[in-house]
Amino acid sequence: MNLNLELTTMPLGGMGTNCYILSDSASGDAYVFDPGDEADYLLRYLDQKGLKLCGIILTHGHFDHILAVDDLLKAVPGIPVYANKEEKVVFENRSYNLCGMVGGRFNFMPTNYLEDGEILEILGTKVTCLHTPGHTCGGMCYFIEDKWWLIAGDTLFQASIGRTDFPTGSYKVLAASIREKIYTLPDWVKVFPGHGPATTVEEEKHTNMFVRALDD
């Protein structure tokens with residue numbers, strides 16, 4: 001268990017996508033989740049806080065979650081980029097990652113493809129990788145058990161869910177992912193979504209009508 005873990009929320013870009021910085025206050029090492037834009041701003045923040053970027057972890061391949069990755073890799077060459085193996089098709093297809101829609105471009109590809117249930121050992125803690133398809137085919141949430149934190153990307157928002165009308169999306173699949181992979185976590189787990197404020201598993205189980213709609 002690492003009691004020195006800190007999580008910083010940093011909304012970036014025109015979509016206000018939540019980038020998360022998971023850091024160890026003792027070592028100064030850090031991992032960045034979903035750096036969607038404004039790489040210069042993110043790098044300046046890391047430098048000001050004395051944090052060393054050790055890796056990038058992606059919840060899915062949509063443009064607003066990944067467009068700062070190339071610049072981060074230029075600044076810190078050789079660091080790993082993690083994503084679900086099922087999301088490979090999204091990274092490789094401009095229609096699927098929506099870059100074709102907005103004119104965005106990127107050159108990187110993930111270096112480390114993850115399996116459902118795989119455990120990443122980083123920063124002295126264990127991060128469980130949960131495949132949660134529905135927003136995209138390879139959406140992945142990351143559960144940091146030491147702190148009861150879930151980085152959820154666009155799988156689950158406060159009182160809402162990610163869009164399911166983009167390529168590889170499915171409303172029924174997404175609702176099932178939330179019920180089977182997130183609602184089975186303890187109620188007190190804090191959920192950090194890809195957009196908007198944080199919530200909890202308990203709050204969403206009782207109030208999220210988008211998931212409950214399929215049960216009615």
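Is F192 buried or exposed? In this predicted model, F192 has a relative accessibility of 9% and therefore counts as buried, the cut-off being under 20%.

Seven aromatic pairs were counted. One of them joins Y20 and F192 in an edge-to-face arrangement, with 5.7 Å from centre to centre and 75° between the planes. This pair links distant parts of the chain: Y20 belongs to strand β2 (residues 17-24), whereas F192 belongs to strand β13 (residues 190-193), and 172 residues separate the two. Y20 has a relative accessibility of 2% and so counts as buried. Y20 and F192 also take part in one aromatic cluster, together with W149.

A further edge-to-face pair is formed by W148 and W188, with a centre-to-centre distance of 5.7 Å and an angle of 80° between the planes. Distant parts of the chain are again linked, the two residues being 40 residues apart. W148 is located in the loop between β9 (140-144) and β10 (149-153), and W188 in the loop between α5 (171-182) and β13.

The accessibility of these two tryptophans was also computed. W188, at 57% relative accessibility, lies over the 50% cut-off and therefore counts as exposed. W148 has a relative accessible area of 32%, which falls between the cut-offs of 20% and 50%, so W148 is partly exposed.

Technical notes:
Residues numbered from 1 in each chain as written. Predicted model: local features only at pLDDT ≥ 70, side-chain atom pairs only at ≥ 80, totals over all residues. Heavy atoms only, no water. Phe/Tyr/Trp six-rings, centres within 6.5 Å; stacked < 30°, edge-to-face > 60°. Helix = DSSP H or I, 4+ residues; strand = E, 2+ residues; numbered from the N terminus. Buried < 20%, exposed > 50% of the residue type's maximum accessible area, 1.4 Å probe, protein only.
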